[in-house]
Amino acid sequence: MDPLVEAAIRALDNACAPYSGFRVGAALEDAQGRIWTGCNIENATLGLTLCAERVALCKALSEGARRFRRLAVVAASPVLTPPCGACRQLLWEYAGDLEIVLADGVRATESLRLRDLLPRAFDASHLRR
Ligand code: THU
């Protein structure tokens, strides 16, 4: 199995999802081949929930990683789970046109490009006009 998917599966084990019961793991590979993982972290306000993808991205950014290649997302669900809209925006701004690997941890995988998940994205280039 793809080591990036394996890392996302391991991260899923740490999910803090007592409210939804929907556990997600993500693994982000940077340009040096380092892997940054994240899981979803919920809390009683519900609205302050952190998605697995954003946890992985923020861990990487806060340690100085700036260039990224791929992101794997695995959810404890029979249906492949793509990043939510908020994660797509942050990933676009900080990681660019990533390859996104969706996996169910068993058999199915699908590979997508972030530009296809977030067409005509708003980003810093619009603020400079
Ligand atoms: N969630 C993620 O962590 N990533 C996704 O791609 C979709 C949704 C989390 C947020 C929340 O904890 C739970 O899944 C249900 O929405």
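Cys87 is buried, with a relative accessible area of 0%; buried means under 20% relative accessible area, exposed means over 50%, and partly exposed lies in between, with a 1.4 Å probe and protein chains only. The model is a predicted one, in which local features need pLDDT of at least 70 and side-chain atom pairs count only at pLDDT 80 or more, while totals for chains, interfaces and linings use all residues. Residues are numbered from 1 along each chain as its sequence is written, and side-chain values use heavy atoms, with hydrogens and water left out.

The closest cysteine sulfur to that of Cys87 belongs to Cys84, at 3.8 Å, which is too far for a bond. A disulfide is a covalent bond between the sulfur atoms of two cysteines; here the term is applied to a pair of cysteine sulfur atoms within 2.5 Å. Cys16 is partly exposed, at a relative accessible area of 36%. The sulfur of Cys16 has its closest cysteine sulfur in Cys39, 5.0 Å away, again too far for a bond. The structure holds 0 disulfides.

The ligand is surrounded by 13 residues, of which the closest are Asn40, Glu42, Ala52, Glu53 and Pro82; a residue is near a molecule or strand if one of its heavy atoms lies within 4 Å of it. By class, this shell has 7 nonpolar, 4 polar and 2 charged residues. In that classification Ala, Val, Leu, Ile, Met, Phe, Trp, Tyr, Cys and Pro count as nonpolar, Asp, Glu, Lys and Arg as charged, and the others, Gly among them, as polar.

Oxygen atoms of the ligand can be followed to several of these residues. A polar side-chain atom of Glu42 lies 2.5 Å from a ligand oxygen, and one of Asn40 lies 2.9 Å from a ligand oxygen. For Pro82, a polar backbone atom is 3.2 Å from an oxygen atom of the ligand. Taken alone the ligand exposes 370 Å², and the protein buries 80% of that; accessible areas come from the Shrake-Rupley method with a 1.4 Å probe, and for residues only the protein chains shown count as cover.

Glu29 is found in strand E1, residues 24-30. Helices (H or I, at least four residues) and strands (E, at least two) are DSSP runs, numbered from the N terminus. Glu29 is buried, with a relative accessible area of 11%. Leaving aside neighbours within four places in sequence, Glu29 is in contact (heavy atoms within 4.5 Å) with Leu4, Arg34, Phe68, Arg69 and Arg70.

Most residues other than glycine have a negative phi. Leu46, in the loop between strand E2 (35-39) and helix H2 (52-62), has a positive phi near 65°. Arg120 also has a positive phi, of about 50°. The place of Arg120 is in the loop between helix H4 (114-117) and helix H5 (124-127), and Arg120 is exposed, with a relative accessible area of 86%.

Asp123 is likewise placed in the loop between H4 and H5, but counts as buried at 17% relative accessibility. Beyond its neighbours within four places in sequence, Asp123 is in contact with Trp92 and Glu93. Asp123 and Trp92 are 31 residues apart in sequence and 8.0 Å apart in space, C-alpha to C-alpha. Their side chains make a polar contact at 2.9 Å. A polar contact is a pair of N or O atoms within 3.5 Å; within protein, one must be able to donate a hydrogen and the other to accept it, and residues adjacent in sequence count only if both atoms are side-chain atoms.
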